[in-house]
Amino acid sequence: LLGNWGSVSEKGETESQEKFALRTAEIEAERATAESMAGPLANEDRIIVKQLSLSTIIGVNLWERHYKQVVNFDLTLHNHKDIKTGSGSVSGSGLLGNGSFFRYRNFRTVVEQVTELVEKSSYRTVEALATAIARIAIKQCKVAKITVRVEKPNALVFAEYSAVEITRSASDFAHLPESMSGSLAPSGATTPVPGSPSIGRRNVAALPVKDTLSSSSATHAAYISLGTNIGNRLANLHRALDLLNTDIPRSHVVETSFLYETAPMYVTDQPRFLNGACLVHTELEPIELLDALQAIEAKMGRDYSMYRNGPRVIDLDILFYDEVVMKTERLTIPHALLHERRFQLAPLCDIDRDLMHHRKGKTVGALLRHLTTHSNVPEDIIQVTPFKSNGYSAGTDAVTNDDSGCILRALSPKQLKATVFMGILNCTPDSFSDGGDHYTFDQAIEHTLELIKDGADIIDIGGQSTRPGATQVGIDEEIRRVVPVIQRIRELGIGIPISVDTFYADVAAAALDAGADIINDVTGGYFDEKMLPLIAQRKCPYVLMHMRGDPSTMTKLNDYSEYDGDVIRGTRFELSQRVRAALDHGIPRWNIILDPGIGFAKEGAQNFEVLRRLPELTARNIRVVAVSESTKVNTSTKQSTNNKETEGDGEEGFIDEDLATALVNYPVLVGSSRKRFIGAATGKKDAKDRVWGTAATVTAAIQGGAAIVRVHDVSEMVDVARVSDHIYRRQQS
């Protein structure tokens with residue numbers, strides 16, 4: 001009743017103005033009295049989970065570190081009534097302060113996440129455990145506000161239990177650590193390149209007035225699937241994403257999935273599909289959005305006379321729309337067949353695996369796990385990464401008729417059978433290992449042909465040294481060194497994917513115009529604010545590396561004391577910031593490749609630590625580890641001032657990282673070839689003598705799940721990797 005109270009009263013036809021005013025005043029007084037009696041419940045709904053009993057390692061005593069004990073939990077999920085979902089109104093823009101959409105969540109989702117956390121954790125204090133539960137509910141389950149009560153029955157001899165109760169909201173976990181200040185701060189450039197629709201979190205101030213999201217209208221979250229199996233499939237998906245931004249009023253794509261190649265379903269005698277998904281913020285109602293999607297399909301040439309489930313140039317389906325559950329002749333939400341379609345569930349999980357399917361009572365993550373482990377659905381879906389595209393850039397309508405020029409590679413550790421080799425071509429006089437060896441035009445072309453003969457899958461061309469202490473040569477000189485080599489390679493009819501190692505957007509643009517395919521940016525886009533918008537516009541694959549400072553300063557920036565000396569933890573956090581910036585600028589998730597930055601702002605033992613723990617780089621969560629003194633460089637004795645409530649994490653407890661975005665499933669590139677830390681371990685001062693030391697690091701990278709290794713000595717490393725592949729990667733019989 002309180003939720004409906006406050007609607008505007010209407011004056012009766014025979015009612016005098018005086019009586020109408022008196023009746024209105026009486027209603028307002030009655031409402032005020034009721035709200036006063038209701039207390040806090042007048043402004044919020046609450047979902048309460050009582051006496052959730054779970055077993056976990058908790059406490060500081062010796063026996064408590066070895067035996068699990070039962071701990072009881074009370075969870076209260078607070079939902080403020082000003083924020084509505086579905087077809088209702090939304091307070092303000094409908095977004096929480098962290099840019100996340102508020103959604104009513106089935107309490108089972110929260111309970112499942114809390115149960116998983118608690119049963120795998122080993123906190124020393126109930127305060128730390130309570131904070132971790134609040135964090136996961138807010139950050140992963142999108143709960144706006146939660147009260148957590150933790151009772152530990154075995155704590156006190158003469159008391160029933162000891163207990164802690166805390167209340168947290170999204171604002172309590174919105175801080176950034178000190179490490180993001182200074183040289184590592186995001187560039188902040190959010191304005192798209194003119195003429196290029198951006199996919200990421202939109203900069204409203206930079207948009208035309210007619211296209212801005214209205215602050216007075218409800219903003220909805222719509223999850224759209226994309227599929228294509230006719231013509232240039234990759235270009236079709238890129239063009240569809242652009243049209244979702246340009247052709248649908250008051251709407252914007254804010255998130256994308258990875259890319260999947262899938263076998264056709266239902267009608268199997270047709271080409272394989274490329275599938276993905278995206279999250280769209282829109283002010284359109286569901287049927288209006290459906291009309292707009294079908295208009296895009298028609299514009300792109302979809303033939304609706306084709307038999308059902310047949311080949312199509314583009315297919316756009318609404319999978320979810322807020323928490324709406326509806327069924328009409330034209331539209332069913334959630335999508336009627338979603339639960340049986342791995343090609344839609346897998347991309348959805350990339351964006352939000354905790355989305356609740358209210359018809360099935362399960363999250364999309366649970367539905368996908370069921371399909372994968374408890375059904376007879378064949379293993380017919382492969383996550384792929386583009387190495388080479390063909391025929392589309394933002395702002396153009398030209399799309400080639402086929403994707404014969406595209407190169408898509410499966411880079412997931414579960415699906416990759418053979419390591420990918422990126423051969424290094426340094427067109428520089430001062431690179432640390434081979435400076436001057438391939439500096440002239442003829443030398444560069446000759447070495448390119450040699451790398452290809454030796455087994456390189458990608459040629460990585462650099463026109464500026466990024467060795468420690470290197471000085472910048474400038475944009476014009478870098479273009480002069482790189483572009484003619486790219487042009488000559490293409491003139492010779494060599495179609496191998498070409499990567500360009502640069503942190504300048506102007507160099508990247510010139511290289512792409514000359515025929516390059518991939519941009520390899522050692523700064524992850526923070527050095528040149530034009531880089532991320534350019535990559536979004538050109539739709540090219542992007543190697544995003546972890547680094548601090550620049551080549552002249554990075555050796556002094558290897559202090560990870562803010563992360564308790566844990567270099568992996570620091571690299572994960574700072575990489576997630578750059579990935580989030582890339583996504584927000586409109587770079588599709590499927591175009592991003594991660595590089596932990598071996599030798600960049602990491603010294604000696606820190607590089608070995610990264611290789612040793614490489615699988616943790618893209619893990620969903622990592623555990624607290626005992627960091628040896630050898631991996632602590634310039635570590636101060638002060639404890640981190642952040643997250644005081646979680647300082648008691650146990651050796652097996654999960655770390656509350658607050659990543660800007662999860663790094664799960666991103667392909668990883670490792671570039672350790674001939675670097676100084678190998679020389680320090682082997683005693684080889686000359687970089688060219690570090691071939692066998694490099695071989696050991698390549699093996700470690702393969703064992704750690706790296707998909708691509710960037711090497712100088714391709715021929716030797718091919719042999720090393722092929723044997724390592726048979727040991728560490730799944731092989732076909």
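User: Buried means under 20% relative accessible area, exposed means over 50%, and partly exposed covers the range in between. In this predicted model, is Val 384 buried or exposed?

Analyst: Val 384 belongs to strand 15, which covers residues 381–388. Its relative accessible area is 4%. The cut-off is under 20%, so Val 384 is buried.

User: Which residue has its C-alpha atom 4.4 Å from that of Val 384, although 26 residues lie between their positions along the chain?

Analyst: Not counting residues up to four places away in sequence, Val 384 touches Leu 259, Tyr 260, Glu 261, Leu 274, Leu 408, Arg 409 and Ala 410. One of these is 26 residues from Val 384 along the chain, with a C-alpha separation of 4.4 Å. That residue is Ala 410.

User: What share of the contacts in the chain with a separation of 6 or more comes from residues 24 or more positions apart?

Analyst: The chain comprises 16 helices and 24 strands. Of its 733 residues, 55% are buried. Among the contacts with a separation of 6 or more, residues 24 or more positions apart account for 72%.

User: How are helix 9 and helix 10 oriented relative to each other?

Analyst: The axes of helix 9 (residues 475–491) and helix 10 (residues 505–514) come within 9 Å and cross at roughly 15 degrees. Angles under 35 degrees count as roughly parallel. Helix 9 and helix 10 are therefore roughly parallel.

User: What is the handedness of the crossing of helix 9 and helix 10, and how many nonpolar, polar and charged residues form the contact?

Analyst: The two helices make a right-handed crossing. Helix 9 contributes Ile 475, Glu 478, Ile 479, Val 483, Ile 486, Gln 487 and Arg 490, while helix 10 contributes Asp 506, Val 507, Ala 510, Ala 511 and Ala 514. By class, the contact consists of eight nonpolar, one polar and three charged residues.

User: What is the geometry of the pair formed by the rings of Phe 258 and Tyr 666?

Analyst: The structure holds seven aromatic pairs. In the pair of Phe 258 and Tyr 666, the ring centres are 4.8 Å apart and the planes stand at 75 degrees. Planes over 60 degrees apart count as edge-to-face, so this pair is edge-to-face.

User: How many residues apart in sequence are the parts that Phe 258 and Tyr 666 tie together?

Analyst: Phe 258 and Tyr 666 are both buried. Phe 258 sits in the loop between strand 7 (251–256) and strand 8 (259–262), and Tyr 666 in the loop between helix 13 (605–612) and strand 23 (669–670). The pair therefore ties together parts whose separation in sequence is 408 residues.

User: Which residues are linked by ring pairs into a cluster?

Analyst: The rings of Tyr 504 and Phe 527 have centres 5.9 Å apart and planes at 75 degrees, so they form an edge-to-face pair. This pair links distant parts of the chain, 23 residues apart: Tyr 504 is in the loop between strand 19 (498–501) and helix 10, and Phe 527 is in the loop between strand 20 (518–521) and helix 11 (531–538). Tyr 504 counts as buried at 9% relative accessibility, whereas Phe 527 is partly exposed at 31%. The cluster linked by ring pairs is made up of Phe 503, Tyr 504 and Phe 527.

User: What separates the C-alpha atoms of Thr 618 and Leu 663?

Analyst: Thr 618 is placed in the loop between helix 13 and strand 23. Leaving aside neighbours within four places in sequence, Thr 618 is in contact with Arg 572, Leu 594, Leu 663, Val 664, Asn 665, Tyr 666 and Val 668. Thr 618 and Leu 663 are 45 residues apart along the chain, and the separation of their C-alpha atoms is 4.8 Å.

User: What is the phi of Asn 665?

Analyst: Asn 665 also lies in the loop between helix 13 and strand 23. Its relative accessible area is 38%, so Asn 665 is partly exposed. Most residues other than glycine have a negative phi. Asn 665 is not a glycine, yet its phi is positive, at about 75 degrees.

Technical notes: Residues are numbered from 1 along each chain as its sequence is written. This is a predicted model: local features need pLDDT of at least 70, side-chain atom pairs count only at pLDDT 80 or more; totals for chains, interfaces and linings use all residues. Side-chain values use heavy atoms; hydrogens and water are left out. Axes are lines fitted to C-alpha atoms, for helices over the stretch in contact, and angles run from 0 to 180 degrees between N-to-C directions. Helices (H or I, at least four residues) and strands (E, at least two) are DSSP runs, numbered from the N terminus. Angles under 35 degrees count as roughly parallel, over 145 as roughly antiparallel, 65 to 115 as roughly perpendicular and the rest as oblique. A crossing is left-handed if the near helix is turned anticlockwise from the far one by less than a right angle, and right-handed if clockwise. Contact means heavy atoms within 4.5 Å. Ala, Val, Leu, Ile, Met, Phe, Trp, Tyr, Cys and Pro count as nonpolar, Asp, Glu, Lys and Arg as charged, and the others, Gly among them, as polar. Rings of Phe, Tyr and Trp (its six-membered ring) pair if their centres lie within 6.5 Å; planes under 30 degrees apart count as stacked, over 60 as edge-to-face and the rest as tilted. Buried means under 20% relative accessible area, exposed over 50%, partly exposed in between (1.4 Å probe, protein chains only).
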